[in-house]
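Keep the structure open beside you as you read.

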Amino acid sequence: MSYTAKYLSALSQIDAEVWDNIAVHATPFMQHAFLSALEKSRCVQAETGWQPHHMIVSKGDRPVAVLPLYIKHHSYGEYVFDSEWAKAYQRFGVPYYPKLLSSVPFTPVTGPRLAILKTESQARVHRYVVDEIQTLCQATGYSSWHCLFTPASDIEWWGSNHLIRRNGVQFHWVNKGYESFDHYLSTMNAKRRKTIRRERRQIKEQGIAYRFITAREMSSSNWLDFYRCYTDTYLKRGQAPYLNLDFFQQIAAAMPEQMLCLMAEQNSGVIACALFFIGGSTLYGRYWGSVKAIQCLHFETCYYQGIEYAINHGLEYFDAGAQGEHKISRGFEPIKTCSWHWIQVPEFRAAIAQYTAHETQLIEQYQVDCAASLPFKAGLESFNNSVDEG
């Protein structure tokens with residue numbers, strides 16, 4: 001039986017149980033609750049440049065695969081930067097927008113984008129989806145399609161479909177059987193161990209205390225404190241936040257067991273917050289903010305508290321967000337990320353393929369250089385050799 005595709009202008013057009021049963025092995029951010037909250041809160045809509053156009057692949061009447069898909073009119077909130085590609089199009093008088101994007105909005109977390117039932121041929125569904133996307137672009141005039149932050153386990157499928165691969169680097173923490181934060185520090189060289197202890201001591205000496213609150217325990221007042229910190233950090237940079245309070249409250253109600261809020265308090269007032277998610281064996285640090293500029297506050301709130309939580313709860317990984325070379329000296333390892341791109345115009349496709357091939361060489365060397373700067377006593381032996389080198 002052949003596959004068919006239909007497109008949804010809102011995630012509410014598919015039952016949550018159907019979506020989640022297909023995306024069961026994905027991250028929390030691919031869950032129906034998370035993606036639909038982005039739409040219901042109007043953070044993601046045509047007016048914000050994120051027009052939902054999700055693909056549902058069916059065999060007969062039965063959905064067998066789902067792909068989050070958006071018609072994009074800009075490149076904000078993606079974290080795989082293609083502004084130079086857009087400028088090249090502009091110089092030649094060719095429109096780059098709208099384009100198609102498969103990603104989780106504002107969430108640079110690696111995970112399956114095309115979720116497929118295990119009973120289906122993975123290769124066949126991937127091939128069908130790529131062909132369908134190309135047909136859609138050609139019929140509607142979308143310049144390109146971009147599938148971001150796919151896992152290493154999917155390289156075999158995407159790579160066989162003649163897409164352009166683009167690599168990047170993020171910094172993740174890996175739990176190697178640490179019994180405590182002090183045990184973790186004991187694996188580092190003396191200089192870094194001393195620096196981290198000093199940074200943590202500076203926070204304690206200023207009377208800053210931390211507490212984790214589950215989403216189920218969060219009160220309206222707690223959410224207002226969190227959102228005040230979150231928005232203040234954006235406004236200090238002269239930017240408007242991507243997400244509104246309604247979004248956070250919706251996901252808290254829909255997935256409370258997977259969310260934690262970390263509150264930093266000083267003199268009985270909340271001065272900083274960070275929101276974490278738990279999926280499988282991974283802790284995800286997603287959103288943070290502060291209303292005070294205090295030295296080392298960011299490191300403690302976004303890194304050290306997360307590491308300590310992961311150790312205490314037996315979690316294997318801590319993904320504290322995109323970018324940030326300052327994470328290296330704190331023990332976060334350089335992990336390769338991967339995205340895939342289909343460019344409709346052959347001339348641009350060839351130029352972008354050449355560009356990414358050169359960029360890949362630089363990324364691979366950058367990853368090696370970052371690994372050489374890790375602060376562990378064992379040096380490069382501590383580097384996670386399981387990272388995809390393909």
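Helices here are DSSP runs of H or I with at least four residues, and strands are E runs of at least two, numbered from the N terminus. The α2 helix itself spans residues 32-40 and is mostly covered, with 7 of its 9 residues buried. Buried means under 20% relative accessible area, exposed means over 50%, and partly exposed lies in between, using a 1.4 Å probe and protein chains only. The buried set in α2 is made up of H32, F34, L35, S36, A37, L38 and E39.

A quick word on the ground rules: this is a predicted model, in which local features need pLDDT of at least 70 and side-chain atom pairs count only at pLDDT 80 or more, while totals for chains, interfaces and linings use all residues. Residues are numbered from 1 along each chain as its sequence is written, and side-chain values use heavy atoms, with hydrogens and water left out.

Now for the helix pairs. Helix α3 (residues 83-91) and helix α11 (residues 346-372) have axes that come within 12 Å and cross at roughly 145°; axes are lines fitted to C-alpha atoms, for helices over the stretch in contact, with angles from 0 to 180 degrees between N-to-C directions. On the α3 side, W85, A88 and Y89 make the contact, and on the α11 side F348, I352, Y355 and T356 do. Contact means heavy atoms within 4.5 Å. By class, these residues come to 6 nonpolar, 1 polar and no charged. Nonpolar covers Ala, Val, Leu, Ile, Met, Phe, Trp, Tyr, Cys and Pro, charged covers Asp, Glu, Lys and Arg, and the others, Gly among them, are polar.

Next, look at α7 (residues 190-205) and α10 (residues 297-312), whose axes come within 10 Å and cross at roughly 110°. The two are therefore roughly perpendicular to each other (65 to 115 degrees; under 35 is roughly parallel, over 145 roughly antiparallel, the rest oblique). Here α7 passes α10 in a left-handed crossing. From α7, I196, E199, R200 and I203 meet L297, F299, E300, Y304, Q305 and E308 of α10. This contact divides into 5 nonpolar, 1 polar and 4 charged residues.

Key: Left-handed = near helix turned anticlockwise from the far one by under 90°.
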